[in-house]
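Open your viewer, load the model and keep the selection panel at hand. We will walk from one spot to the next, picking out side chains as we go.

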Amino acid sequence: DIQIVNFDMKFNQESITKYTAVSLGEGGPSPTAQLSTIQQEGDEFRVVSRLVTVLFQKTSFDIKGNTYLAFKTGSQRNLVNAPPSALRLVQGQDTKESAGEAEFNMNVNLVKASGVATDASSKNTTVVISMIGLVTVFAIAVVIYKKY
């Protein structure tokens, strides 16, 4: 079994880095600015990043980076035709042995929204104002009815 021990992540447009979300850290990946956070659950990493304004000038951008992998400690490795002394030597290692590196790349397409976005707060405000108006009209009608 292998695990990710470090990685970096960049947002590129036309092969130019516009924003670096994650950089290689000494003890693992580290966010480069307050716009990015890294969450780790077991062997999985999740990067949450806001998009910088410059990325919206085009219709797409690429997310690129490198991951650095290592064998999990405690995982069993099979050796073929190894003398018993060499097997004990490999199993007794406490350091993580590098399993290599891998590049990742993802293209993100941006689509402009069509139509008017409405949020729940504006709908709630309209309902409250309508209810106040309805109660006011009803109160005026009751006062007028009682006078006549």
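The tour below goes from an aromatic cluster to a hairpin, then to charged pairs and a surface patch.

**Before you click**

This is a predicted model, in which local features need pLDDT of at least 70 and side-chain atom pairs count only at pLDDT 80 or more, while totals for chains, interfaces and linings use all residues. Residues are numbered from 1 along each chain as its sequence is written, and side-chain values use heavy atoms, with hydrogens and water left out.

**Stop 1: the ring cluster**

Select F11, Y19 and F61, which ring pairs link into a cluster. Rings of Phe, Tyr and Trp (its six-membered ring) pair if their centres lie within 6.5 Å; planes under 30 degrees apart count as stacked, over 60 as edge-to-face and the rest as tilted. The count by this rule is three aromatic pairs. One of them is F11 with Y19, a tilted pair at 5.7 Å centre to centre and 55° between the planes. Now look at F11 with F61: this pair is tilted too, with 5.5 Å between centres and 45° between planes. F11 sits in strand 2 and F61 in strand 7, 50 residues apart, so this pair links distant parts of the chain. Helices (H or I, at least four residues) and strands (E, at least two) are DSSP runs, numbered from the N terminus.

**Stop 2: N12**

Move on to N12, which is also found in strand 2. N12 is buried, with a relative accessible area of 9%.

**Stop 3: a hairpin**

Show strands 5 and 6 as a cartoon. They pair in the antiparallel sense over six bridges; two strands pair if DSSP finds at least two bridges between them. I38 stands opposite V47 of strand 6. The two strands form a hairpin with two residues between them, and G42 in the turn has a positive phi of about 65°.

**Stop 4: the salt bridges**

How many salt bridges are there? The count is two, where a salt bridge is a side-chain nitrogen of Lys or Arg within 4 Å of a carboxyl oxygen of Asp or Glu.

Select D43 and K72, whose side chains meet at 2.4 Å, N to O. D43 lies in the loop between strand 5 and strand 6, and K72 in the loop between strand 7 and helix 1 (84-91), so the pair ties together parts 29 residues apart in sequence. Both are partly exposed: D43 at 39% and K72 at 24%.

Next, select E14 and K58, which meet at 3.4 Å, N to O. E14 is in the loop between strand 2 (9-13) and strand 3 (16-23), and K58 in the loop between strand 6 (44-49) and strand 7 (60-71), so this pair ties together parts 44 residues apart in sequence. E14 is exposed at 60%, whereas K58 is partly exposed at 39%.

**Stop 5: a nonpolar patch**

Finish with V127, M131 and L134, which form a nonpolar patch on the surface with about 300 Å² of accessible area together. V127 lies in helix 2 (residues 120-147). Patches are made of residues with over 30% relative accessible area and no salt bridge, like charges being joined within 9 Å and nonpolar side chains (Val, Leu, Ile, Met, Phe, Trp, Tyr) within 5 Å. Accessible areas come from the Shrake-Rupley method with a 1.4 Å probe; for residues, only the protein chains shown count as cover.

Terms used
Buried means under 20% relative accessible area, exposed over 50%, partly exposed in between (1.4 Å probe, protein chains only).
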